[in-house]
Amino acid sequence: MFVDFHTRSAFSFLSAASLPEDLIQRASALGHSAMALMDLDNLSGAPRFYMAAKKIGAKAHLGAEITGEDGDLYPLLAENRTGYRNLCQLITSMKLRAPKGEATASDAELSQFGEGLVCLTGEGPPTRARFEKRIRLFGTRNVYAEVQRHLQRDEEARNQAVIDLARSLQLPLLATNGVRHATSQERELFDALTAVRHKTTVMSAGKLLARNAERYLKPPREMAKLFSDIPEAVAETHELSQRLNFTLANLGYEFPRYPVAAGETMHSFLRARTEEGARQRFRPYHEKARRQIDRELKLIEKLDLSGYFLIVWDLVQFCRNNGILAQGRGSAANSAVCYSLGITAVDPIAMDLLFERFLSEERGEWPDIDLDLPSGDQRERVIQYVYQRYGARGAAMTANVITYRGRSAARDIGKALGFDPAALDKLASLVATWGWRDPRETAQKQFEQAGFDLTNPRIEKYLSLYTAAQNLPRHLGQHSGGMVVCQGQLDQVVPLEPATMPGRVIIQWDKEDCADLGLVKVDLLGLGMMAVLEESLALIKEHQHEDVDLAHLPQDDEAVYDALQRADTIGMFQVESRAQMSCLPRLKPKKFYDIVVQVAIIRPGPIVGKMLHPYLNRRQGFEEAACLHPSLETVLKRTLGVPLFQEQLLRIAMIAANFTGGEAEELRRAMGFKRSEARMRDIETRLRAGMTENGIVGDTQDRIVQSITSFALYGFPESHAASFALIAYASAYLKCHYLAAFTTAILNQQPMGFYHPATLVKDAQRHGQHFLPVDIHQSQWPCTISPQPIKCETAPLGSTPQPCESASPPFGAASQAAADFQPAPFAVRLGFNYVRGLRQETAEALIAARPFTSMVDLVLRTRGLSKAELRMLAEIGALNSLGGHRRDALWEAERALRPAGPLFEALDEPREPSPLAQMSPAERIRADFYGTGLTIGIHPMSLHRESLRTRGILSASTLKRAKRGSTVQVAGCVICRQRPGTAKGFLFLSIEDETGIANAIVEPDLFDQNREVLTTAPYLLIEGLLQNQQGAVSIKLRRAERLNFATAKVPSHDFH
Amino acid sequence: MFACIHAPQAAALADSFSPHVEMIDETTAVFSITQRQLAQIPESLQIAVAATVETAILAARNLPGYTFIAPGDEPRLLGHLPIEVAITSTLPPDPELFQTFDLWGIRSLSDLAKLPDEGLADRLGPRGLSLQKLARGVLSRPLRPLLPEPVYEESAEFDHPIEQREPLLFLLGRFLYDLTAKLRAQSLSCGTLHITLGPHTRALGLPFPTRDIKFLLKLIEHSLERHPPTQAIERVVLRIDPVQPRRVQHDLFTLAAPEPEKLELTLGKIRALVGDGNVLYPQLRDTHRPGAGLNDAPALAFRYFRPPLEARVDPQPGKLLWTRQFQGRILNIAGPWRSSGDWWHCDPWDRDEWDLLLSDGALYRLVQNHLARQWLVEGTYD
């Protein structure tokens, strides 16, 4: 019997080529009953290794190869829980005190954390000093003299020296294999990764590469044969395996206890807080709610989860006390206790949400509470609060394992094979950049088309290595918001390491690993729209002196539902995308639950599962609301017989295929799990067997299976949709009633959402919103709200009032949308944050020094103002308040920027009139787009309207009145191009003119013929068949023509 | 007046008018022109005549056919030219300046010409003023005609051919004395020597620039020793390709390398002894490829068989090894030692090696080449 104790996985990051689960599966297939994983300075692969071993019944020993200060490697194995804790602490200690990638363990650390660890002598030089140092650090009993055989001459000489030393120092001999890849074929990938690690190519790597392919997993019999002259070294592996009794099953993790006053228990405290909250939330606190809360609290007590709820409640309290908006999402929204504690905002009883989806006795795992927070500084405050509350080593962010995917694999493998930068760019571009890839385009075909010779061995190798590298870990990143906290020291459970972002610490496991091993995670997710809502509320309070309470917004606001039904939703959370807008007029939301459906329905899951159209047809009465199977009627009634939510699919599995709650939960995790294809296949088999047992066969069975499996990647839970729908409703409400505040906030939180700020501004203008330009005397760093100007701004000190060339009149008069929105009593003043290239410190210096009497005064008194910054301010009209127009300012700025020299510095500049002509409207638009990325003046298309009209080209707003099925032409600037993976090669195009947005659909063949024009032209004339599906207007494109307008290039959001 | 021709054969055409021609680029040539010559200008030529060099260039490059610009007529004829075209045709491009003009709305030369002098000078300095003068057609500068490149060459012809080395070296020494003096005057140094002896020319490339006559002469002497002239010499030419002189910064803490002159002379002597192609430099290759590096070298010295010997064998103790040169029974065996690599290359390797103690008492290295399916005895240990 042979047990391999010295195996690295791909989690040694570029130092090995196989995944931990592949290694243990291969080992098991070869007849190994146990194996140790020993990655370099980390335990990142341990959970996967352990879980895979557990599944196949193999024993998974854990260890890590630790880099010492002297550069020597210490292969350490955890003998027991103490050893594992020490190993975690050792790695944490060395990682946290060194810059990323440079961590080494000192002798003192190795000695301090040496208890419970077994040390191998490793692959270093077999010197007495090295061996004796290990004995000194770990004790004679815990050191094994390691011999490896990879059919190399010099290794034999080394082994002989090890044997002599082992005898002399009375150390047991241990045969190991120093595995770097599961199979010998993976040696090539290992070589390529070695080259990547050393930032070189395989051609130049020389002796850094492996000498042969022998570092692969070998069957026990072969290992015994290899060491037949020293059988005791093989026998010792069995002895050591018996000795190591630690597995991740006894991790020792404990969630923190919430401190309560004497005489209270955590549960009594939780009950009291819940009751308090419930009275506030449920108005009135009705019997159904009481019963539900009582049921939930009993289960929480039974499962001993009170502490967890209190800790999340504590976080929400912190947010509330500090004016930070926080809202729970995910399955927590199914819980009335969470609702009462203020963690979530959706009333689960009114919504009839399934509590078991959140917490069930059967599952035996921690519930999952995710908090949405305003992105940016506010979220960071909450994260820092968690660190402060639980200590630097009691809390950490979860890791995000960055794996090789398309482009990264294409680039790194290409570099390793020595392709030049031009070829690398070409290779990387071959990897799909658009969401959708034509199935006819095989990799070989793509390579041939790009001019690569497939008979060249390097290209051939590239193809195979690129494929093999997919999904291998590249490095550890930081998960967007998952935090793990622990009672006591988290670094005894899992190693911690510094994140790239200062002040952040991450654990070495990702969120799936945490879930597998029962570590409780609270997701603190940054949501741009939360920040918009928060800022909007502050602005409304400051300028309109109104306190808007998001928790108690009017439920059935007419303006909100009108806007939604009209698909007038630009800027609104989750319902603003082109796809959402095309669906809204057909779905016609009339109540809150319709928004929940709307949020969930435009997802790859329902679209791939072909659930979108049946639902819309049934909603409009075009189709009968039939159920997949009569037994599923209770589950599907609310969504007209069409499964849309994850919860429904779980219930379907439970009813139709006799799944238990636990099995259904396994199904759910397989759905959202990126490495779960095999699990999904296994589940499908079980689903079919269960349904057959219940007499559901044939077509019905297939349809149910398809419904469930189409959610494999992007299933959307109802509770989550409800939480999002609340935010969507709030954003719609603020946009409809407080447009100035909402627009100001959304402009300040960019980049976010679906549209570029230029589109948001034009949309707001169409709704009657006034904008004011960036002004050196009025603007702040962010965009702000100003009282509505009567005609023009007053000029500041020392200058004469000038016409407001950029102050925007709203397009309200002609706009239908504007009529439904309340007229904005306030204007939005663009902030310095929109001035291209202007640094925040310069803007602050300007604000501190103003008002200015002249350009020279401005230049002399503003510290750090650069030439480019002053020019840019002049170009966008921000200096107009000094007197004159933009070109006057540019003329003056150029003079003020030239150093006068000490002799003339004090002299007053004679003010001469500028000889430059004022900018034309087109020039102003161009300058606006160049300098701020948007214009608050006229839309570029309005400059060309007259000539377009004479050519019979319609405007976007007149499309609605055009005859369905007629051929129409419309022109505009492209604001969005989308080619989603679920759309089978169709391109969705949105173009904007001064009256609104027109949407076009391009068929794959037409896209191929016009690819260049469609993907690059900033202005397009499109011609096609007008489609109008219950108010959702679009053009089926027949012809596209580039319009060569010499005005500005309007930015487009492209999703490809 | 100055004339500028903008045509593919600009140089030749300009030469027909004047010996003093300034070439702006391969297709643009400027020269001064007399009233009498104006009548000789063919109508078909793209040529402009103006009072200043720059105006002539600007007009020739941007206006078709023959253009005559009388002094004072420049704004009328050139004012419409777009500013970026006009400027790049006479001056190196300056993106920042273009950006400024673009921001100012200055699109043509007449726009630029109209700007106030003082205001422009305040903002764009002398460069701005020059541009404005160009726009107004009053930017003047002298013509910079192309002068011929100096040639560093000395030669002599003899009534009585030279047959001995000493007089030849004496003569070449005198040539070198004169030529290095010329080079010194121009702060140049010697890069390559071209020595023509009768019908044959030899080139002596120097590893470093030098004007050291003694060294150069010694080098010529070595060359003559290695390749003596095959016949009496009636004509000698020595030409030097000039290069920038060598600048060496000595370091206090690095060991001084041999003086390059001495090293070159020594190498010259070695080449003279063993032949030019036989002087090579040793180099270690960074690869595991067998025979290319020193790694995995056994403690014993190894003698390669060139070429290796094909063998028939079953590598087991007691079995026979057979080659054309020798045969024997295997007494002891170690291995296999496996190596493979260069898998991305058209010439990869993949082989096993054994060390065999044969009944003849010698220790051999047996190789199995997996790719060529060959058994070879590669050599023997000393």
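Helix H24 of chain A meets helix H32 of chain A through A:Phe592, A:Ile595, A:Val596, A:Val599 and A:Ala600, which touch A:Glu718, A:Ala721, A:Ala722, A:Phe724, A:Ala725, A:Ala728 and A:Tyr729. Contact here requires C-beta atoms, placed from the backbone, to lie within 7 Å. By class, this contact has 11 nonpolar, no polar and one charged residues. Ala, Val, Leu, Ile, Met, Phe, Trp, Tyr, Cys and Pro count as nonpolar; Asp, Glu, Lys and Arg count as charged; the others, Gly among them, count as polar. The model is predicted: local features need pLDDT of at least 70, side-chain atom pairs count only at pLDDT 80 or more, and totals for chains, interfaces and linings use all residues. Residues are numbered from 1 along each chain as its sequence is written, while chains are lettered from A and ligands numbered from 1 in the order in which they are written.

H24(A) and H32(A) pack at an angle of about 110 degrees, and their axes are 8 Å apart. Axes are lines fitted to C-alpha atoms, for helices over the stretch in contact, and angles run from 0 to 180 degrees between N-to-C directions. The two helices are therefore roughly perpendicular to each other. Angles of 65 to 115 degrees count as roughly perpendicular, under 35 as roughly parallel, over 145 as roughly antiparallel, and the rest as oblique. The crossing of H24(A) and H32(A) is right-handed. Helices are DSSP runs (H or I, at least four residues), numbered from the N terminus.

H24(A) spans residues 592-601, and seven of its 10 residues are buried. A buried residue has 20 or more other C-beta atoms within 10 Å of its own; 12 or fewer make it exposed, and values in between partly exposed. Among the buried residues of H24(A) are A:Ile595, A:Val599 and A:Ile601. The buried set packs against H23, H25 and H26 of chain A as well as H32(A).

Among the residues in contact are A:Val532 and A:Leu539 of H21(A) and A:Phe742 and A:Ile746 of H33(A). The residues of this contact divide into seven nonpolar, three polar and one charged.

Between the chains, 30 residues of chain A are in contact with 25 residues of chain B. H39(A) gives the largest share of the chain A side, five residues. That side has 12 nonpolar, three polar and 15 charged residues.

A cis peptide bond joins A:Arg283 and A:Pro284, with omega about 5 degrees. Another joins A:Gln750 and A:Pro751, with omega about 0 degrees. A:Lys588, in the loop between H23 and H24 of chain A, has a positive phi of about 45 degrees although it is not a glycine. A:Lys588 has 19 C-beta neighbours inside 10 Å and counts as partly exposed.

Notes: Two residues are in contact if their C-beta atoms, placed from the backbone, lie within 7 Å. A crossing is left-handed if the near helix is turned anticlockwise from the far one by less than a right angle, and right-handed if clockwise.
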